[in-house]
Amino acid sequence: MYLLYLDESGIHHGSDALVLGGIAIHEQDIWHLQQQLDRLLRRKLPQGLNSSDFELHATEIKSPVRRAHGRKRVSRWAQVPIATRLNILRATFGVLRDYVGRNPQYPCALFGAAIDRSYADREQRAYEEVLHKFDEMLTRQANVSGIHQPGIVIHDRRIIERDVQGWVSIWRRAAGRIGRLTHMADVPFFADSQVSRLIQAADFVSWGLYRFYGEARDEQWIRPLWSKFDNADGVMHGLIHVSPRFHTCPCPPCASRRSPSASVAPSN
């Protein structure tokens, strides 16, 4: 079984893009990646701080003191020096870049969708794109191995839980805008990111994508992960950028679809 952990970024009003991103990992690898992330925190946090008290939440690590609705919010990360925080940010992206599954037949892969704000249905469209690309990877694997791996989606808690579960329930029964989901074992489950290191890993993927596709246009965080998105035959299948400017957009997924023979961007 494969588990796809997902998180969203750019859901606030006025955002340039809504981003849904995450990590698909075979069941046999879940514990091992969790352990690597836990060890990273234990090794890098200042002495005296308990790693279990800290959530790997990219926005809070980078900016632990924020203002929301006129009120100041101070994260637990504020007690960690900025140099240490940035080191943890980079090291976490490094773990995601370097992790290799225990069975090469079932690799760890990233998935994502960045939907331009001009699309009124951007949230539903993001889920439909990502879940179908995940389903396509499982189909491709089954065609090679003859073994059908079911998929389960686990998402950070969101107020649209019922909407997402309703969409997926329909897509499992009948073809939607881009086809029917054939490998989903059930509707998505929602859990608290504070207790799941892999939902936290999904947060890093979605945050890195948002830094690139959102207002900041900052590629430094997602650059190491480009090659980790599901790809085959030179096309970055695992990442979709839905934009009216597709024909001229130079981003890696758009460029790979215009020129299928182009190689996926390197990870360094």
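**Exercise 1.** State over which residues pLDDT stays under 50, and how many contacts beyond four places in sequence the model has for them.

*Solution.* The score pLDDT is the predictor's confidence in each residue, from 0 to 100. It stays under 50 over residues 262-268. A contact means heavy atoms within 4.5 Å; for residues 262-268 the model has 15 contacts beyond four places in sequence.

This is a predicted model, in which local features need pLDDT of at least 70 and side-chain atom pairs count only at pLDDT 80 or more, while totals for chains, interfaces and linings use all residues. Residues are numbered from 1 along each chain as its sequence is written, and side-chain values use heavy atoms, with hydrogens and water left out.

**Exercise 2.** Determine the average pLDDT of the chain.

*Solution.* The average is 92. Of the residues, 96% score at least 70.

**Exercise 3.** Locate S51 and decide whether it is buried or exposed.

*Solution.* First, S51 lies in the loop between α1 (30-44) and α2; helices are DSSP runs (H or I, at least four residues), numbered from the N terminus. Next, its contacts, leaving aside neighbours within four places in sequence, are L41, R42, L45 and R197. Finally, the relative accessible area of S51 is 9%, so the residue is buried (under 20% relative accessible area; exposed is over 50%, partly exposed in between, with a 1.4 Å probe and protein chains only).

Key
Helix = DSSP H or I, 4+ residues; strand = E, 2+ residues; numbered from the N terminus.
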